[in-house]
Amino acid sequence: MKKGPRLHLTRGTHKPVNQKEQAAPITPRRAHAMASAQPLRAISLKAFDETRAGVKGLVDAGVTAVPSIFHHPPESLTHGASRPHRFTVPVINLSSAVGTTTTRAAVVAQVRAAAETVGFFQVVGHGVPEAATSAMLAAVRGFIEEPVEAKAPYYTRDTGRRVRYQSNLDLFQSTAANWRDTLFMEMPPAPEELPAACRRVAPEYARLVQRRLGRALLGLLSEALGLRPGHLEEEHGCLEGLSLACHYYPACPEPQLTLGTPRHTDASFLTVLLQDAVGGLQVLVDLEDKAVWVDVPPVAGALVVNVGDFLQLMSNDRFRSVEHRVVSNGVGPRVSVACFFRTDRAAAPTRVLAPIVADGDEARYRSTTVEEVVRQYYKVKGLAGISALQHFRL
């Protein structure tokens, strides 16, 4: 399918800068206004969802203003003066990990340092061919840019389906909708469940990420915890399940009013993100006791890796699951594919997550199950700065 041109829309006067977000007080007048707006909002959400066209449909219709259902609260969008910093998310070359004992030890040290501090790093030399990453991005874009009637059979809010296309998983529960559409695939689906545009490409890309890169990363992270390379994969099932969230962020006419993805952590062991060259991903980093939003810029040939909540619990806080977000952009579309290393859905009720306690340390979390953590994750989702893991702390 021929690719459409990138859209360049007016960005407006607001420029996102790095600063910790401050919550605005909810006054009685504001609370009344919010309550009064709820019936109209519900009607607007339903009408939007029933188009099955997503945010892409709004852009195709030529919208020049962001509809109110996408307006995020001022406290989540407010930014003050820019604060200069020199921090950059580490880029690690994994090819050295298959060299000598010395070079592997150096890679383990780099992975350990990144996982223990920012919780994010980018990897090159990862063994996933450029042909596979390019094909995956093209397949996602090809599907989302198909006519509405071609995508409609996949549009669903039935979480029981392993493949589903939708705009905003929590459209009817969140404070504000996000400026993105998503094709979600729980691997491995039956071939006939996949859209034709992704049927050949997605399973192969998932296999490469899971079996080649995932195994390598879990081996390095195991060693970073002082364990044998196969520990996290074999003893804790960190490679059992993989889900793909393929996001499409159209160019936004008023990026100062909305977000592509609000601040959150990931309910996963590990997440591997493939992003195109547009940019917009940011991670919240503590710099000199101040929280700062730091860009994770696209690096040619790189994949972004971040620690998830499951692994923070299992590492007993040695590894950090850090909040991140995607800001809206006047240029687009932006396409990304997030691969979440979780556990197979059927195993979630019995897969135990327990802290791995180093000598001389004490457990900081109680043992729980994947299902319990995911349930708590969705309870606190949307509450900025609140982690699901707090519920399991000792």
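Asp317 lies in the loop between α9 and β12; helices (H or I, at least four residues) and strands (E, at least two) are DSSP runs, numbered from the N terminus. The structure is a predicted model, in which local features need pLDDT of at least 70 and side-chain atom pairs count only at pLDDT 80 or more, while totals for chains, interfaces and linings use all residues. Residues are numbered from 1 along each chain as its sequence is written, and side-chain values use heavy atoms, with hydrogens and water left out.

Phi of Asp317 is positive, near 75°, although the residue is not a glycine. Most residues other than glycine have a negative phi, and most peptide bonds are trans. Asn316 is buried, at 1% relative accessible area, and Asp317 counts as buried at 18%. Here buried means under 20% relative accessible area, exposed over 50%, and partly exposed in between (1.4 Å probe, protein chains only).

Two cis peptide bonds were examined. One joins Met187 and Pro188, with omega about -5°; Pro188 is placed in the loop between β5 (181-187) and α7 (201-224). The other runs from Gly332 to Pro333, with omega near 5°, and Pro333 sits in the loop between β13 (331-332) and β14 (334-342).

The protein chain contains 10 helices and 16 strands. Of its 394 residues, 52% are buried. The accessible surface of the chain comes to about 17,900 Å², of which 56% belongs to carbon and sulfur atoms; areas were computed by the Shrake-Rupley method with a 1.4 Å probe, and for residues only the protein chains shown count as cover. Among contacts with a separation of 6 or more, 78% are between residues 24 or more positions apart, a contact being heavy atoms within 4.5 Å.

In helix α10 (residues 370-380), the buried residues are Val370, Val373, Gln376, Tyr377 and Val380. Seen down the axis of α10, these residues fall within an arc of 130°, so they line one face of the helix; the arc is that of the directions from the helix axis to the C-beta atoms. An α-helix has 3.6 residues a turn, so residues three or four places apart point the same way. The cover over the buried residues of α10 includes β7 (259-264), α9 (309-314), β15 (352-353) and β16 (368-369).

Helix α8 (residues 231-236) contains His236, which is buried at a relative accessible area of 14%. Leaving aside residues up to four places away in sequence, His236 touches His231, Phe269, Met314, Arg351 and Ile356.

A search of the whole structure finds 3 cavities of 30 Å³ or more. On a 1 Å grid over the protein atoms alone, a cavity is a set of points where a 1.4 Å probe fits but cannot get out, and lining residues have an atom within 4 Å of a point. Grid points are joined across faces, edges and corners, and a volume is the space filled by probe spheres set on the points. The second largest cavity has a volume of about 50 Å³. Its lining is formed by Trp179, Tyr249, Pro250, Gly260, Val278, Val326, Val327, Ser328, Asn329, Val331 and Arg334. These residues of the second largest cavity divide into 7 nonpolar, 3 polar and 1 charged, where Ala, Val, Leu, Ile, Met, Phe, Trp, Tyr, Cys and Pro count as nonpolar, Asp, Glu, Lys and Arg as charged, and the others, Gly among them, as polar.

Notes. On a 1 Å grid over the protein atoms alone, a cavity is a set of points where a 1.4 Å probe fits but cannot get out, and a pocket is an open set with protein on both sides within 12 Å along at least five of seven lines; lining residues have an atom within 4 Å of a point.
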